[in-house]
Amino acid sequence: LDWLCQRLRDEDSFVRYWAALALGEMGEAAARHPEVLAALMAALHDEDRDVRWRAALALGKMMQLGVRLFQKGRKWEVKWVTELAETV
């Protein structure tokens with residue numbers, strides 16, 4: 001996962017696009033790692049619109065699985081819907 005997150009910062013937009021696609025296809029396995037979600041959030045600001053689009057799709061897939069992201073200062077906190085329901 002770390003390798004794919006690093007590819008999201010590659011100088012080649014083709015590499016960044018495919019890294020975002022791969023992370024999105026990994027689903028819950030990737031969604032359980034805050035660094036993956038943070039890397040995809042950063043990719044939403046990529047200079048290449050196709051990379052931004054693929055990062056948004058990947059995050060959307062993860063949110064369908066029940067992931068929710070909360071920003072606390074400069075960091076992103078990851079919660080699952082099931083965890084949030086337990087606090088209510």
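Colleague: Is D46 buried or exposed?

Modeller: This is a predicted model, in which local features need pLDDT of at least 70 and side-chain atom pairs count only at pLDDT 80 or more, while totals for chains, interfaces and linings use all residues. Residues are numbered from 1 along each chain as its sequence is written, and side-chain values use heavy atoms, with hydrogens and water left out. Buried means under 20% relative accessible area, exposed over 50%, and partly exposed in between (1.4 Å probe, protein chains only). D46 has a relative accessible area of 11%, and is therefore buried.

Colleague: Where is the place of D46, and with which residues is D46 in contact, leaving aside its neighbours within four places in sequence?

Modeller: D46 is placed in the loop between α4 and α5, where helices (H or I, at least four residues) and strands (E, at least two) are DSSP runs numbered from the N terminus. Contact means heavy atoms within 4.5 Å, and, leaving aside its neighbours within four places in sequence, D46 is in contact with L8, R16, V51 and R52. A polar contact is a pair of N or O atoms within 3.5 Å; within protein, one must be able to donate a hydrogen and the other to accept it, and residues adjacent in sequence count only if both atoms are side-chain atoms. The side chains of D46 and R16 make such a polar contact, at 2.6 Å.

Colleague: R16 belongs to the buried residues of α2; which elements do those residues pack against?

Modeller: An α-helix has 3.6 residues a turn, so residues three or four places apart point the same way. In α2 (residues 13-25), the buried residues are R16, Y17, A19, A20, L21, L23 and G24, and they pack against α1 (2-7), α3 (28-31), α4 and α5.

Colleague: At what angle do α4 and α5 pack?

Modeller: Two packed helices are described by the angle between their axes and the distance between the axes. Axes are lines fitted to C-alpha atoms, for helices over the stretch in contact, and angles run from 0 to 180 degrees between N-to-C directions. Helix α4 (residues 34-43) packs with helix α5 (residues 49-64) at about 140 degrees, and their axes are 8 Å apart. V36, L37, L40, M41 and A43 in α4 meet V51, R52, A55, A58, L59 and M62 in α5.

How values were computed:
The expected span of a helix is 1.5 Å times one less than its number of residues.
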